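Here are a few notes to read with the model open beside you. Take them one at a time and find each spot as you go.

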Amino acid sequence: MFRKAVISVFFCILCCIPAVSQNVVDAGSEGGCIPVLSVSEDSLAYRSGERFSFTIHYEWGAIDSDVGWASVSLDTVRFNGERAFHCSVYGRTTRLYDLFFKVREDFQSWFTVEGLKPLKFTRNTREGRYEARNTYSYMWEGQDSTYIAADVFTSSGGSRSVRLPLGTCTYDLPSLFYLARNIDMDRIVPDVKYPMTFAIDDDVYNVYFIYRGKERKKVRGFGTVNTMKFSAKLLSGNVFTGDEDLSVWISDDRNRIPVLFEAPILVGVASGRIEECSGLKYPFTSFVKK
């Protein structure tokens, strides 16, 4: 339970906008893609050198504790002679919670500066005794079709190489995080489902987000921020109740910074909150006070 709670919130941090595995008929976007503003470099909501850090928290009865942290960084590199962004995402449990269940997450993603087209993705996960590793190469120039060449390993299933379907709207989790931050709010209708598509391990998922409106939110240890709230209905199962929304609050300014996440689970509530941010492209105008 604890492991899946931490990882679920960690994925919310990656995606920026919450996602849930479910096929959705879109009511508001075109061709299954997120409706975004221009994804040319000058128009993006971020720049090279941006950094975030988050704290993962868990509440249940008398338990009210920080159990882990995650960091996200963005830099510019050369990838096969092309200028590309390189995103690094790290997540881990605290030293105390390492004694109960040790979690380490390492995601690396490379995608073009112009157009945000994914190029490569790696994942290295350790959750207790469980391990998972992904290496994706995005094959955009295939003679017959485009596809993701995926080398996948899990401690439960071993190693395998598979071809995953690759469409113009298919991303890995970190590149999806950065695409979503360029969302065109003029084209978003509250309470309507909008689809996204991402690949992880040996599968591709159709997911969605819902815009809930604007809200002034106090983030513990950080301050009060004017935000836009997004959510998704969670599927019931061995972690989530399925009765309430997973929610994320994003700064209501040109940076679109994720500042808070909450996810009700079968036992308690898992959440994530921003601790620090630096290297922002635009003034943090949504910040109200400490």
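Predicted model: local features only at pLDDT ≥ 70, side-chain atom pairs only at ≥ 80, totals over all residues.

1. Residues are numbered from 1 along each chain as its sequence is written, and side-chain values use heavy atoms, with hydrogens and water left out.

2. Now for a second pair: Phe222 and Phe284 have ring centres 6.2 Å apart and planes at 45°, so they count as tilted. (Rings of Phe, Tyr and Trp, the last by its six-membered ring, pair if their centres lie within 6.5 Å; planes under 30 degrees apart are stacked, over 60 edge-to-face, the rest tilted.) Phe222 is buried as well, with a relative accessible area of 8%.

3. Ring pairs also build a cluster out of Tyr46, Phe52, Phe54, Phe85, Phe111, Phe177, Tyr178 and Phe261. Across the whole structure, the search finds 20 aromatic pairs.

4. Have a look at Ser247, which is buried with a relative accessible area of 8%. Not counting residues up to four places away in sequence, Ser247 touches Lys229, Phe230, Ser231, Leu260, Phe261 and Glu262 (contact means heavy atoms within 4.5 Å).

5. Last, charges over rings: NZ of Lys or CZ of Arg must be within 6 Å of the ring centre and within 35 degrees of the ring normal. Arg163 lies over the face of Tyr147, 3.9 Å from the ring centre, while the charged end of Lys193 sits over the ring of Tyr208, 4.9 Å from its centre.

How values were computed
Buried < 20%, exposed > 50% of the residue type's maximum accessible area, 1.4 Å probe, protein only.
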